[in-house]
Each structure stands twice: as structure tokens, then as C-alpha cells.
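Welcome! Open your viewer, switch to a cartoon view, and let's walk through this structure one selection at a time.

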Amino acid sequence: GNTTLWTPKKSFKIKFSEKQNVLGMGSDKEWALLANYFDPTYLRNYYAYKLAIALGLEYSCEARFVEVYFNHQYIGLYLLTETVKTSKERVDIEKTTTSFEVPFLLELDMKLVQDNPNYILTLDDEMFLLDNTEYNGKTYPFGTKYPKSFKDLTDNQYAYIKNYISNTFESVREGNYEEYIDIDSFINYFLIQELFMNVDLDYSSVYMYKAVGEKLKFGPIWDFDLSSGNVGYVKGY
């Protein structure tokens with residue numbers, strides 16, 4: 001985690017050499033152990049994921065509480081969860097195509113530029129910027145989760161992704177967003193963010209994806225440990 005990296009209780013990312021079906025959550029190599037250090041209830045991430053599943057978000061993280069021992073020493077209660085990625089058991093949109101229309105999984109993440117003074121070096125390879133300063137004074141960085149690098153795309157495919165996100169922003173202002181956004185996906189995603197008063201919305205861990213031939217969908221949800229009144233800034237209470 002970007003913040004929990006500096007806490008006494010660490011979160012972990014696990015990668016097996018082969019796919020493992022861990023506690024019935026589907027087979028994959030990559031898993032996360034969330035420390036929930038900032039959430040003394042340990043419940044915020046868990047219940048946010050459960051609500052996402054209940055509301056029918058297409059891809060939501062399964063999670064299980066586990067007690068963790070590291071080198072035979074007990075280090076605490078953790079939340080074992082799926083990670084946000086593309087695969088058959090996660091966000092299942094991967095598709096090889098020779099067309100300009102390609103599937104993608106993006107993260108809106110302000111930390112891509114705020115914590116990285118050399119972020120300009122990753123532009124056009126791992127991220128792109130969307131200039132929204134005319135409307136709210138912000139420039140939004142979008143990092144790619146799939147494809148792993150924009151370098152793997154043709155110029156037309158890269159332009160397709162950037163233009164689709166830009167057109168989505170514009171369509172909201174013009175009122176024709178149904179052409180670009182899966183409305184049910186957005187409503188359910190926004191309801192969860194609002195009910196949990198998630199302070200990271202519009203800042204970080206905001207995921208969205210698009211399969212070939214479909215509209216933009218929102219999710220999976222991620223990182224709710226500072227939600228539900230756990231902090232007071234941006235009216236998080």
C-alpha cells in the first residue's frame with residue numbers, strides 16, 4: 001500500500017509460482033493481505049466489498065479474514081483479498097485484437113503525479129493526463145492496469161483509450177453520457193462510495209474498465225479503510 005508502507009503493521013502482496021484457489025475465492029497467482037492498520041474496526045474494506053457483491057457490481061473482490069503468522073510469529077488479523085487486475089477470475093476483459101478498439105482497465109490515481117516528481121517519464125507508457133482544469137481546476141492522471149504498458153499498443157489503440165475517457169468526461173457535461181457509460185454500473189459504484197463516505201473518490205483507487213463492444217463500467221472498488229467517518233477531511237465524517 002502507498003500509505004501503509006510506513007506503518008508498524010505492514011500489508012503484503014503475495015504471488016505464488018502457480019495459480020492457487022485460496023479459500024474458495026478462485027484461482028490466481030496474486031493475492032493481497034490487507035493490514036487495515038488505519039481501521040480499528042477492521043470492517044470497512046470487508047463490508048464495502050460485500051455491498052459491491054450484493055448490489056451486483058460485475059467484478060468485486062472476494063475477501064476472507066485470516067490470522068497471519070510470519071516466520072512462526074503471530075502478526076495479527078488481516079483481510080485476505082483478491083487484487084485488482086485482469087484475469088479469468090478477476091476483471092475478465094482480456095482480448096487480443098488487431099482493431100483500434102482495445103479492452104482496458106484504468107485507475108484514476110492522483111499519487112501518480114503527486115508522489116512522483118519524475119512522472120513525466122512515465123507519460124505515454126504507463127499513464128496519461130486528462131486536462132479538466134477548465135471545469136474544476138484539476139488534471140487527472142490515469143494509470144493503466146491493462147494493458148500493462150501503453151507501449152504494447154499501436155498509436156491508434158492508445159488514442160482510442162485516451163479519447164474514450166476524454167469523451168466520457170465531455171459527455172457528462174453535455175448530457176449524452178449514456179453513449180459512453182454503463183449507467184447501472186456507475187449508479188451502483190457511486191452509491192457505495194456515497195454510503196461509505198469514501199474520501200479517496202476523485203483521488204485514488206478509482207478503477208474503471210471497458211470490454212470490446214461494451215461501454216465503460218466502474219469498479220472494482222478498492223481501499224475503503226479511511227471511509228465511514230474514519231477521517232474528517234473532505235467531510236469524511
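Which residues of the largest nonpolar core touch the most other members? Before you select anything, keep in mind that this is a predicted model. Now pick L106, F142, I161, I165 and I221: of the 47 residues in that core, these touch the most other members.

**Stop 1: around the core**

Colour the elements that give two or more residues to this core: β2 (27-34), α1, β5 (104-108), β6 (127-132), β7 (138-146), α4 (155-174), α5 and β8. The biggest contributor is α4, with 6 residues. Next, zoom in on L106 and show its surroundings. Setting aside neighbours within four places in sequence, L106 is in contact with F128, F142, G143, T144, F150, I161, I165, V206, Y207 and M208. There is also a second, separate core of 9 residues, and M25, A35, V66 and Y78 are among them.

**Stop 2: the sheet**

Select the strands β6, β7, β5, β8 and β9, in that order, and you trace an open sheet of 5 strands with antiparallel pairing. Click on M208 and then find F218 in β9, its bridge partner. With the strands still coloured, bring back α4: this helix lies across β5, β6, β7 and β8, and runs at about 25° to β6.

**Stop 3: helix α5**

Select residues 183-195 to see α5. At 1.5 Å a residue, its 13 residues should span 18 Å, and the end C-alpha atoms are 18 Å apart, which agrees. Show the side chains of S185, N188, Y189, I192 and Q193, the buried residues of α5. Turn the view to look down the helix axis: these buried residues fall within an arc of 135°, so they line one face of the helix. On the other side of α5, D184 and L195 are exposed. What covers the buried residues of α5? The cover includes α1 (44-55), β8 (206-210) and β9 (217-218).

Conventions
Residues are numbered from 1 along each chain as its sequence is written. This is a predicted model: local features need pLDDT of at least 70, side-chain atom pairs count only at pLDDT 80 or more; totals for chains, interfaces and linings use all residues. Side-chain values use heavy atoms; hydrogens and water are left out. Helices (H or I, at least four residues) and strands (E, at least two) are DSSP runs, numbered from the N terminus. The expected span of a helix is 1.5 Å times one less than its number of residues. Buried means under 20% relative accessible area, exposed over 50%, partly exposed in between (1.4 Å probe, protein chains only). The arc is that of the directions from the helix axis to the C-beta atoms. Contact means heavy atoms within 4.5 Å. A nonpolar core is a set of buried Ala, Val, Leu, Ile, Met, Phe, Trp, Tyr and Cys residues joined through side-chain atoms within 4.5 Å. Two strands pair if DSSP finds at least two bridges between them. Axes are lines fitted to C-alpha atoms, for helices over the stretch in contact, and angles run from 0 to 180 degrees between N-to-C directions.
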